[in-house]
Amino acid sequence: MATCPPYPTRPPARPRTHPHWWQRAWVRYGALVTLLALSGLVILALVREQTGTQGFLVGLGLAVLPVPLLLAAFRWLDRVEPGPWRNLLFCFAWGACAAALIAIVANSFATRWIATATADPSGADTLGATVIAPVVEESAKAAAVLLVFLFRRRDFSGIVDGVVIAGVTATGFAFTENILYLGTAFGTDQLTGGSGIASVTAATFFVRIVMSPFAHPLFTVLTGIGFGIAALSAGRHRLRRALLPLAGLLLAMGVHALWNGSAAFGEYGFFAVYAAFMVPSFGLLTWLAIWTRQRELGAVRAELPVYVLAGWLSPAEPHALGSMRARRIARQHARRHAGKEAARTVARYEAYATSLAFLRHRGRRGRAGADFAVRERELLEALWQRRAVARPALDYAARATAPPVPPLPPWPGYGVYGTYGAHPGHGPYGYAPAAPLPAPSPGQYHAPHGYLPYAPPHPHRG
């Protein structure tokens, strides 16, 4: 078994220095909140100026309809290892405020400049929609994904994280854009007297809210997948980590340009692009996201048994933590018997255990960072602090979701198999609940590749 230098529980102490005022966390958070708030006020004023107060209110009421559904879908996809709400809130606010403001200002400026330079307003509008808008909008939305990737790296570990972060950002952007389009359509109907199904508002609502609420999320998710694959790449592949997000961004721009230019393909160009490209792409990306989520659950089931052998987890926990149904049952059981706070404790326990499994998975593949041991210890200690509440709920969920196995007849010379068909002395899920391993001797700890973690604290100390 490979060994490494002493366990780096904490970095060496450094002389305490007072950070500059711009390095303080509250200054950075305050600057970010101020930026987003100012962007929101400016974009609110611009949209209201173009649509009028009544058009703005109508557009707002209609544009908000798909938002809860899209956010619920991305949150469901992120249930295996749910990211912090603050990340999603930032992404939605960035898309709805900052990215929308950048897009509306840059698109208007570029289109007017092209119209003035070419003396062809119609051609400028077409060029702006098919070239300028995809580049500007996808770049503005990708900025949020990049910021989370750089500054919240611990929360960005794979493809699902990229899909969720990009999708929530694009949902916020589409929300603001739909207010503008629907409010403008309502203003047009007021001038022309249109109403009912034949109105411009009804047609815009059908195209943007009913048929294609997923359009902007679909485009930006391609960028998120690029960042997600880059997050899975080993640290030494720097060129790949830089090129993959750029490739995803360029692909997002291309698909966006094809969508915006579909009207130039004839009377039925929009429906042709929608049926032949958009729907299949949406289905393929949905399948990819769900398949990736199932692989994550498989990684949880495969990586956690080693912590059972070391004494950190009970034998039933890898099965329960690797099943979304069992996780839900565990939270419900805790809520029913100990209240909402217990259910939240179980949910946090599940999240920490999932992060632990992913950390070990990356370590086995050579993708763990230099802080592997420190991060593993943090997660194990977080689990140990919550074990009294979470273990009974997860054990109950494991029993409730375990597949029934008929009892086997006695095997001469080997005794009778247990309830689950396992040999006596083995746990219900096929491996022995071995006694906790002794803690490594001072000056020694196990390496990320093929190691068994140190034992948990002694019961009288833990």
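This is a predicted model: local features need pLDDT of at least 70, side-chain atom pairs count only at pLDDT 80 or more; totals for chains, interfaces and linings use all residues.
Helix α4 covers residues 121-151, a run of 31 residues. The distance from its first C-alpha to its last is 42 Å, close to the 45 Å expected at 1.5 Å a residue. Within α4 there is a bend of about 45°, located at Gly-128.

Helix α9 comprises 35 residues, which at 1.5 Å a residue should span 51 Å. The end C-alpha atoms of α9 lie 49 Å apart, in agreement with that expectation. A bend of about 35° is found in α9 at Ala-275.

## The pairing of α7 with α9

Helix α9 (residues 269-303) also takes part in a contact with helix α7 (residues 215-232). The two axes come within 11 Å and cross at roughly 50°; α7 and α9 are therefore oblique to each other. The crossing in which α7 passes α9 is left-handed.

On the α7 side, the contact involves Ala-215, Leu-218, Phe-219, Val-221, Leu-222 and Ile-225. These residues meet Met-278, Ser-281, Phe-282, Leu-285 and Leu-288 of α9. By class, the contact of α7 with α9 contains 10 nonpolar residues and 1 polar residue, with no charged residues.

## The pairing of α12 with α14

Helix α12 (residues 324-338) and helix α14 (residues 372-401) have axes that come within 8 Å and cross at roughly 130°. The helices α12 and α14 are therefore oblique to each other, and their crossing is right-handed.

From α12, the residues making the contact are Arg-325, Ala-326, Ile-329, Ala-330, His-333, Ala-334 and Arg-336. Helix α14 contributes Ala-393, Leu-394, Tyr-396, Ala-397, Ala-400 and Thr-401. Sorted by class, the contact of α12 with α14 holds 9 nonpolar, 2 polar and 2 charged residues.

Technical notes:
Residues are numbered from 1 along each chain as its sequence is written. Side-chain values use heavy atoms; hydrogens and water are left out. Axes are lines fitted to C-alpha atoms, for helices over the stretch in contact, and angles run from 0 to 180 degrees between N-to-C directions. Helices (H or I, at least four residues) and strands (E, at least two) are DSSP runs, numbered from the N terminus. Angles under 35 degrees count as roughly parallel, over 145 as roughly antiparallel, 65 to 115 as roughly perpendicular and the rest as oblique. A crossing is left-handed if the near helix is turned anticlockwise from the far one by less than a right angle, and right-handed if clockwise. Contact means heavy atoms within 4.5 Å. Ala, Val, Leu, Ile, Met, Phe, Trp, Tyr, Cys and Pro count as nonpolar, Asp, Glu, Lys and Arg as charged, and the others, Gly among them, as polar. The expected span of a helix is 1.5 Å times one less than its number of residues. The bend at a residue is the angle between axes fitted to the seven residues ending there and the seven starting there.
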